[in-house]
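Work through the exercises below with the model in view. Each task is followed by a stepwise solution.

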Amino acid sequence: MRRHLRHPSFSVGLFILVALSIVAVAAPLLAPYNPTHTDLMNTLAHPSASYLLGTDEYGRDILSRLIWGTRISLEVAFAVVALSLTLGSLIGGVAGYAGGWLERIIMVCNDILLAFPGFLLALALVAARGSSLENVILAVSIAYTPRVAAVMRSVVITIRPRPFIEASRAIGMSPARVLLRHVLPNALPPVIVVTTVSAATAILAEAGLSFLGLGVQPPTATWGNIISDGQGYITSNPLISLSAGLCIAVTVIALNLLGDGLRDTLDPQMRRYTGERML
Amino acid sequence: MGITVIGMVTVVFFLLRAIPGDPATYMLGDYATVESVAALKAELGLDRPVWEQYFSFVRRALTGDMGTSVVTGQPAFAEVIQSIPWSAALSISGIVIAVLVGVPMGVMSAVRQGTFADLFVMLGALIGISFPVFWVGLVCILLFAHEIRLFPALGASSSSDIFTQVHHLMLPALVLGFSVAAYIARLTRSAMLEVLGQDFVRVARAMGIPERRIVYGLALRNALIPVLAVIGVTFAWSLGSAILVEAVFSRPGLGSMILKAVFARDYQLVQAGVFVLASAVVLVNTTLDIVYGLVDPRVSVS
Amino acid sequence: MNDAAEKSPAASTSILTVSDLCTVFPTEEGLVTTVDAVSFSLKAGETLAVVGESGSGKTMTFLSVLRLVPPPGRVMGGEVWFDGTNIAALPEQQMREIRGAGIAMVFQDPLTALNPVFTIGDQMIEVFRAHTTMNRRQARARAIEVLERVHIPSPVQRIDDYPHQLSGGMRQRVLIAMAIALRPKVLIADEPTTALDVTVQAQILELLAELRSELGMGMVLITHDLGLVAKYADRVAVMYAGRVVETSPIAQGFGQSRHPYTRSLFRSIPRLDVPADQALTAIEGQPPNLAKLPEGCAFEPRCFLGNGREDCRRERPLLAPTDTGLHLSACPHWPNLPESEADA
């Protein structure tokens, strides 16, 4: 862990994420107003002492909405990571480890899902099941699980022939145990890098879906919603959309930095050869 | 290739039927009575078992009949065909911009690894992939359409003049293009670095071949292979971005059509739209596979 | 110390003389001196073997000679005299002209050393065009000639093959062909046979010996295989921890080497004439951590002669002549070594 912390990208990314998590958890304390509280006397107000970032068309405080929106975004990110990591690892792990016809079937199905643009698949899923936070999480997870599965499978394929796996089988361990106790733990590092990317894409996807009106519904505050709300007032109150977009960007940048940092420190071979840093 | 398309369409088909509640009721809205719902269902064939629906759908699809749009009453396929040129114009110009900007940036970054130029480009790329594309679109509308009146805010016009059309296309295409370029730049840089780290590069240097020739003649040729893969992957992804760009710029196209159809619960249209998108992805990937086989002598084109 | 090398008779006819070459690499653990004041010389027509464990700096020394040290490493100092010029100070453009045409290097792994997306013909032509004014047709003809010279069957067909279509041995021949095509004065062969089958190894080395005498090149054979050294080399330089610890003519044999490290190497070779149940001799201790070398002699912790000695620990010994000017050793205690290993 210390080695990871030495990498600038990783530590900066981690720091930002921790800060954001604190904001999310402490939202009730930090936000000056209730995010759904409307002040109809002060709609579309410009930044002032009482409304630091101004208000939207319903008189809701933008700053408070942004702070509460952090919760949604982080929830989506963590949930999607948890789901797609678990599901994807299992699917990919089983496929890679089992081989044969089972692998073929799984990979064909996976390839079909992979061929979909991720966002489109998530869109279709949300369209089918209705717009809510849970459905967004479910949809995005399902849309990105195939990628995790594909990575997991290719990693497992390189681990499978290794002697210590053979040894485990030789002493009579059941395939399931071997998979769970030996293969998966070793396969995790590269997969974890992929999941930081999927967390970033999850946040962007949720934002996109909410922006289109298919994601989390108003009056719940999510950054995508806020951008969409602000779209109509972009010339008069640009701050509404701009601030929400910046929040998304900061979070996604942090996740990408984390992922890049992880990738660099987990891949010493490449680093030694080329001294590569992805920033 | 055919399997993938069929698979994708199947997925969408069953997806849409997974909706809770039934479509006929939604469609009739306030006019839904038990009889009218039943009648509509019968008309749409929704009262038959799902499998039967699926097979009849496939049968009809093969003859080009993708059903009728419930909203407009026109054949779904025709609707879809109409919106293709708009989407194609946006997607193609977007990808072209993305490749023309992203690949050279990625290559340059790799070659000048560790210098300020590299840092600068990678920082730019990081920002490019972190800001939501629709937000960038909004900002660009604000800056270039309102503040500086360079481009129109609307992504399309009904004018038949090609120059006006292009003028309207430019801002959305640039937004999409630069967004995708950021991805391509990052991935190209990785690919190029990996190639440059390989032994044959060292050998070529030891043989006294000029550095320029090594990078742009030899290494680039090798990096082309993973870069092609990169382009394939980002194309599929860019279709998702294109939907958002179409929405922000109020531009007609496949994405907008699918969106409207989703809100209207117009399944035929959604199916038709997704089918076309899926086919496009498969087509592009297959083409890339072929090109791949031509470029890499180790792979035989099957 | 380097005076000794320069004053030795070899220097007057040597085509490559390296003095005090230093290359460092910054690492997480500190600055690592991969090539530590290395000095040696090479005559035309002779084969110098450079021996040492992995990590002893063998390859890096010659990459430094060619100024191909990969970043973040860099050459810190020293002189490299090739054909009368100090190429360590040459501008890059002229250095490039020397690479391949004056000094050529053949690398270890033929599988990865060739560009997979170009035919071997194209790659060879590339090299010719970089150094001469030949047009494609002339270059191609020359390439076929050279392929024939390295005994590749049906070169006219083979020249349009891709690397993956050739066997390991053939690929190595192609690399050798590329290296000698421009008649370099010095050929550096870096573990040319490590990645190949034993049967092919002998062929490759015979080929190299053939080419060396035909072209009158000075050849450097980098290897960790003492058997090859005995068979194909005229002189040997032994490296440890980035330093040259001994240089001598082969005629004297390893059994009479003047450095405890070389002796230990020799002792650790399994022998056929001892009982089968006799334990193998290994050199005690661990390979050195280049980031944390001791102040004095780098080999002292593992040295059967000097382990624990104050003077070995305190001062770093330099290469100096032993009983003859041709045989240099970095161990001042060499007289304490047994006369020959047969008596050890």
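**Exercise 1: a strand in chain C**

Explain why strand β7 (residues 186-190) of chain C is largely enclosed by the rest of the structure.

Step 1. Of the 5 residues of β7(C), 5 are buried, so the strand is largely enclosed by the rest of the structure. Buried means that 20 or more other C-beta atoms, placed from the backbone, lie within 10 Å of the residue's own. Strands (E, at least two residues) and helices (H or I, at least four) are DSSP runs, numbered from the N terminus.

Step 2. C:Val186, C:Ile188 and C:Asp190 point one way, C:Leu187 and C:Ala189 the other way, and all are buried.

The model is predicted: local features need pLDDT of at least 70, side-chain atom pairs count only at pLDDT 80 or more, and totals for chains, interfaces and linings use all residues. Residues are numbered from 1 along each chain as its sequence is written, and chains are lettered from A and ligands numbered from 1 in the order in which they are written.

**Exercise 2: its partners**

Find which strands are joined to β7(C) by bridges.

Step 1. Strand β6 (residues 103-106) of chain C runs parallel to β7(C), with 4 bridges; C:Ile103 has C:Val186 as its bridge partner.

Step 2. Strand β8 (residues 218-223) of chain C is also parallel to β7(C), joined by 5 bridges, and C:Gly218 in β8(C) stands opposite C:Val186.

**Exercise 3: chain B against chain C**

State how many residues of each chain are in contact.

Step 1. Counting C-beta atoms, placed from the backbone, within 7 Å as contact, 17 residues of chain B meet 23 of chain C.

Step 2. α9(B) gives the largest share of chain B's side, 6 residues.

Conventions
Contact = placed C-beta atoms within 7 Å. Buried ≥ 20, exposed ≤ 12 C-beta atoms within 10 Å, placed from the backbone. Pairing = 2+ DSSP bridges.
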